[in-house]
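Subject: Structure for you to look at

Hello,

Here is the structure I said I would pass on. Please open it first, then read the notes below it.

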Amino acid sequence: MYSIGPLTVAPGERAEGLIPVGTSSYGVELGIPLIVVNGIEDGPVLCVDAGVHGDEYDGQEAIRRVLADIDPATLRGTLVGIPCMNTPAFEAAARTSGLDYLNLNRIFPGDADGSYSLRLAATFVEQVVPAIDALVDLHTGGTFGEIAPLVILQGGYEELATDLALAAGHELVWKGGKWGGTVRHPTLAAGKPAITIEAGGGTYRESNVDLHIDSIRNIMRQLKMTDGEAKLRDSYTATSGTFARSAAGGFFLGHAEPGETCKEGDLIAHIVDHYGNTLEEVTAPQDGIVLWVRRIRTVRPGDEVVIFGEVLEEIRP
Ligand SMILES: [Zn+2]
């Protein structure tokens, strides 16, 4: 038997249900929706989540499709899908929660006595982390921008999570992030590999759903949960990630696409006023790769306009 939250799932069975977090003002139970498929044979428990940011859709659909397609009779171990972690942010069609306006991906491990997002994070840490062996967290560039397909490998946890990161299948490995509080952090702190996979933006695309499905299935092969050899690249490119913020507000014009290679000083974007006068130019701080580019044209002072990656090393599996 496999147990997570309120669900108990026998070998060969599937189940779905909600881990309760709180009740909405209109009396409906809110929580973390789970889809679980428990294989006939023993193996690891892989959890795949999406919707930590409510305006990132491709991963949510990818999780439902992978879970619907898995045959528990040929699965070794257990696949836990969390198609939409942050339902109040999804309802608001926004990066942050419509209930308390917090960014769930900066507040883990949360607080069981805090506002809804803090309780949600604390519930995940208390009930999901102990019940899984590995975590894959799916994101996009969000409504405001588009990101190159890449995997985020938390710096300092290379030994624990590199195998999982490479099996995601993307050439770019962002050795990230200086910030804390993501869903990866409490999972890694518990000694379990955790990665974030990024692709696309706020506009749902079937091609990005397929990218996420390919990553999940390859990771399952690598963990020996399904038959077949995991496909690995001959080489991967590890990068840093630096957020460029504009001082000027205005209209954003980009000159580089996510994933594009740049030389130091190359013009990546510029910001104009309503008359067309250039207010600010964003140039590559060094040779490297453009990871994320703003798509929303409105720029306010201090907004993120580009995430730029400096190439750190080549990784050969
Ligand atoms: Zn995100």
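**Pockets and a helix**

The largest pocket lies between domain 1 (2-233) and domain 2 (239-315), because both domains give residues to its lining. Keep in mind that this is a predicted model.

The space in this largest pocket comes to about 440 Å³. Its lining is made up of 27 residues, and those closest to the centre are R95, G141, F243, W292 and E304. Which strands supply at least two residues each of this lining? They are β8 (145-154), β10 (194-200), β12 (242-245), β17 (288-294) and β19 (304-309). By residue type, the lining of the largest pocket has 11 charged, 8 polar and 8 nonpolar residues.

The second largest pocket has a volume of about 220 Å³. Around it are 13 lining residues, and A168, G169, D214, N218 and K231 are the ones nearest its centre. Which helix gives the most to this lining? That is α6 (residues 206-222), with 5 residues. The lining of the second largest pocket divides into 5 nonpolar, 4 polar and 4 charged residues.

One of the residues named above, G169, also has a backbone feature to look at: it sits just after helix α4 and takes a positive phi of about 95°. Helix α4 itself covers residues 158-167.

Regards

Note on methods: Residues are numbered from 1 along each chain as its sequence is written. This is a predicted model: local features need pLDDT of at least 70, side-chain atom pairs count only at pLDDT 80 or more; totals for chains, interfaces and linings use all residues. Side-chain values use heavy atoms; hydrogens and water are left out. Buried means under 20% relative accessible area, exposed over 50%, partly exposed in between (1.4 Å probe, protein chains only). Helices (H or I, at least four residues) and strands (E, at least two) are DSSP runs, numbered from the N terminus. On a 1 Å grid over the protein atoms alone, a cavity is a set of points where a 1.4 Å probe fits but cannot get out, and a pocket is an open set with protein on both sides within 12 Å along at least five of seven lines; lining residues have an atom within 4 Å of a point. Grid points are joined across faces, edges and corners, and a volume is the space filled by probe spheres set on the points. Ala, Val, Leu, Ile, Met, Phe, Trp, Tyr, Cys and Pro count as nonpolar, Asp, Glu, Lys and Arg as charged, and the others, Gly among them, as polar. Domain bounds come from an automatic or database domain assignment.
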